[in-house]
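Keep the sequence and the 3D view side by side while you read.

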Amino acid sequence: TANAALEKVNLVFMYDRSGSMGDTQNSPPFDPTLKWQPVGAGMNAFFSDPRSVTLSASLQFFPLGSDVASNCAAAYDAPKVPLTALTSSAPFTQAISTTSPKGGTPTLPALKGAIAYAKSVAAQHQGEHAAVVLVTDGEPGFQINGSFQPGCDNNDIAHVSAEAAAAFKGSPSIPTYVIGVGPSLSNLNQ
């Protein structure tokens, strides 16, 4: 006979709060009822689900900063909610309720930060699994002078995909799961 037990899993959430998620002050404005509110409700439901109590998670938002340069250089490896057992959803629901969408989408720096934090979690919690969960609605980039541009060095789908693949192939292996929100998901599937 052998006893079975669930393996411990630590999820590192990197949550897109860019303007396209629902910034009503943007020009043109984005409707928060299409992405920001339903995604927040889904995230809150996951964090408070009794079946999630065997998990631990951390949470950070992107972008962080007030302009393109500070968004690209932000400390995405320092989560707003550090690794916390999901026996209490309060820190997560509070973080989501006090955050609003604004700014561009520095996906590559955000993913690099999430992977770095996941590696530190894996090192501190030997024998447990760590994974990144990237919650985003679209393309990496920023509206700069009326055109959509990467903004940060190599902030494009090819480099984001390569970063996720390298983390998965590394030791420890850090998989990245994407919760893609919106009508155009082909690039996010990469």
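Helix α5 (157-169) gives the most to the lining of the second largest pocket, with 4 residues. Helices (H or I, at least four residues) and strands (E, at least two) are DSSP runs, numbered from the N terminus. This is a predicted model, in which local features need pLDDT of at least 70 and side-chain atom pairs count only at pLDDT 80 or more, while totals for chains, interfaces and linings use all residues. Residues are numbered from 1 along each chain as its sequence is written, and side-chain values use heavy atoms, with hydrogens and water left out.

Stay with the second largest pocket. Its volume is about 180 Å³. It is lined by 16 residues, and L134, V160, V178, L188 and Q190 are the closest to its centre. Besides α5, the elements α4 (107-124), β4, β7 (176-180) and α6 (186-189) each supply at least two lining residues. By class, this lining has 8 nonpolar, 8 polar and no charged residues. Here Ala, Val, Leu, Ile, Met, Phe, Trp, Tyr, Cys and Pro count as nonpolar, Asp, Glu, Lys and Arg as charged, and the others, Gly among them, as polar.

How is a pocket found? On a 1 Å grid over the protein atoms alone, a pocket is an open set of points where a 1.4 Å probe fits, with protein on both sides within 12 Å along at least five of seven lines; lining residues have an atom within 4 Å of a point. Grid points are joined across faces, edges and corners, and a volume is the space filled by probe spheres set on the points.

Now turn to the largest pocket. About 650 Å³ of space lies in it. It has 32 lining residues, and G19, N26, G103, G104 and Q143 lie nearest its centre. Strand β5 supplies the largest share of this lining, 3 residues. Both α2 (68-73) and β5 supply at least two residues each. The lining counts 8 nonpolar, 17 polar and 7 charged residues.

Next, the charged pairs. Side chains of opposite charge can pair when their charged atoms come close. The structure holds 2 salt bridges (a side-chain nitrogen of Lys or Arg within 4 Å of a carboxyl oxygen of Asp or Glu). In one of them, D137 pairs with K35, and the closest N and O atoms are 3.0 Å apart. D137 lies in the loop between β4 (129-136) and β5 (142-144), and K35 in the loop between β1 and α1 (36-48), so the pair ties together parts that are 102 residues apart in sequence. D137 is buried, with a relative accessible area of 9%. K35 is buried too, at 17%. Buried means under 20% relative accessible area, exposed over 50%, partly exposed in between (1.4 Å probe, protein chains only). D49 forms a salt bridge with R51, again with the closest N and O atoms 3.0 Å apart. R51 is exposed, at 69%.

N10 sits in strand β1 (residues 9-16) and is buried, with a relative accessible area of 2%. Its side chain joins that of E128 in a polar contact of 2.9 Å. A polar contact is a pair of N or O atoms within 3.5 Å; within protein, one must be able to donate a hydrogen and the other to accept it, and residues adjacent in sequence count only if both atoms are side-chain atoms. T105 lies in the loop between α3 (90-97) and α4. T105 is buried, at 6%. A polar contact of 3.4 Å links the side chains of T105 and S18.
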